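Colleague: I'd like to go through this one with you and ask where the labels come from. Could you bring it up?

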Amino acid sequence: MEMIVVVAILSFVGIYFNLYLSKLYISNKIQREISLKLIELESTNVFISKKLSLGHSIDDFYLQNNTLYFKNYVLLNDVDIFTATPTNNRFKINISVSNGQIRKEWLI
């Protein structure tokens, strides 16, 4: 009888531990994807800043089919919104990626 109770308890603990690990794995996978997208956004920010400081026009950056381009070269994929508004001698850039999950506003 004791053996049946022990096996039942261990089975119960094993099942819930497996469910917990599955949720943890999925959560970490989602967090990793978000972190990678944030790194891509920051590198895009640096790239745009550098190109604008070298004298390129903001019109060289354009959005087409959810892809951000710089002079016909792919700069960033999965972009929903990319707007650049001139303010004084700078640009206010709004960008949204991954179906609006991540939104950034830059002043370059």
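Colleague: Why is Ser 96 called buried?

Modeller: This is a predicted model, so everything here is computed from its atoms. Ser 96 has a relative accessibility of 3%. Buried means under 20%, so Ser 96 counts as buried.

Colleague: Where does Ser 96 sit, and what does it touch?

Modeller: Ser 96 is in strand β5, which covers residues 90–97. Leaving out residues up to four places away in sequence, Ser 96 touches Asp 78, Val 79, Asp 80, Ile 81, Ile 102 and Arg 103. Thr 83 is 13 residues away from Ser 96 along the chain, and their C-alpha atoms are 9.5 Å apart.

Colleague: What makes Thr 67 buried or exposed?

Modeller: Thr 67 has 10% relative accessibility, and the cut-off for buried is under 20%, so Thr 67 counts as buried. You'll find Thr 67 in strand β2, residues 67–70. Past its neighbours within four places in sequence, Thr 67 is in contact with Tyr 62, Val 74, Leu 76, Asn 77 and Val 79.

Colleague: Let's turn to the rings. How many aromatic pairs are there?

Modeller: A search of the whole structure turns up 5 aromatic pairs.

Colleague: Why is the pair of Phe 47 and Phe 61 called edge-to-face?

Modeller: The ring centres of Phe 47 and Phe 61 are 6.4 Å apart, and rings pair if their centres lie within 6.5 Å. The planes stand at 85°, while over 60 degrees counts as edge-to-face. So edge-to-face is the label for Phe 47 and Phe 61.

Colleague: What does that pair tie together?

Modeller: Phe 47 belongs to helix α1 (residues 2–53) and Phe 61 to strand β1 (residues 61–64), so the pair ties together parts that are 14 residues apart in sequence.

Colleague: What makes Tyr 62 and Tyr 69 a stacked pair?

Modeller: Their centres are 5.3 Å apart, with 20° between the planes. Planes under 30 degrees apart count as stacked. As for cover, Tyr 62 is partly exposed at 27%, and Tyr 69 counts as buried at 19%.

Colleague: Which residues do ring pairs link into a cluster?

Modeller: Phe 47, Phe 61 and Phe 70 are linked that way.

Colleague: Now zoom out. In what order do the elements run?

Modeller: The chain has 1 helix and 6 strands. Starting at the N terminus, the order is α-β-β-β-β-β-β.

Colleague: How do you know how the chain compares with a compact globule?

Modeller: A compact globule of 108 residues would have a radius of gyration near 13 Å, but this chain has 23 Å. The C-alpha atoms fill a box of roughly 80 × 25 × 20 Å along the principal axes.

Colleague: How much of the chain counts as buried?

Modeller: That's 22% of the 108 residues. The chain exposes about 8,100 Å², with carbon and sulfur atoms supplying 58% of it.

Notes. Residues numbered from 1 in each chain as written. Predicted model: local features only at pLDDT ≥ 70, side-chain atom pairs only at ≥ 80, totals over all residues. Heavy atoms only, no water. Helix = DSSP H or I, 4+ residues; strand = E, 2+ residues; numbered from the N terminus. Rg over C-alpha atoms; globule rule 2.2 N^0.38 Å. Buried < 20%, exposed > 50% of the residue type's maximum accessible area, 1.4 Å probe, protein only. Areas by Shrake-Rupley, 256 points an atom, 1.4 Å probe, with all protein chains shown as cover. Contact = heavy atoms within 4.5 Å. Phe/Tyr/Trp six-rings, centres within 6.5 Å; stacked < 30°, edge-to-face > 60°.
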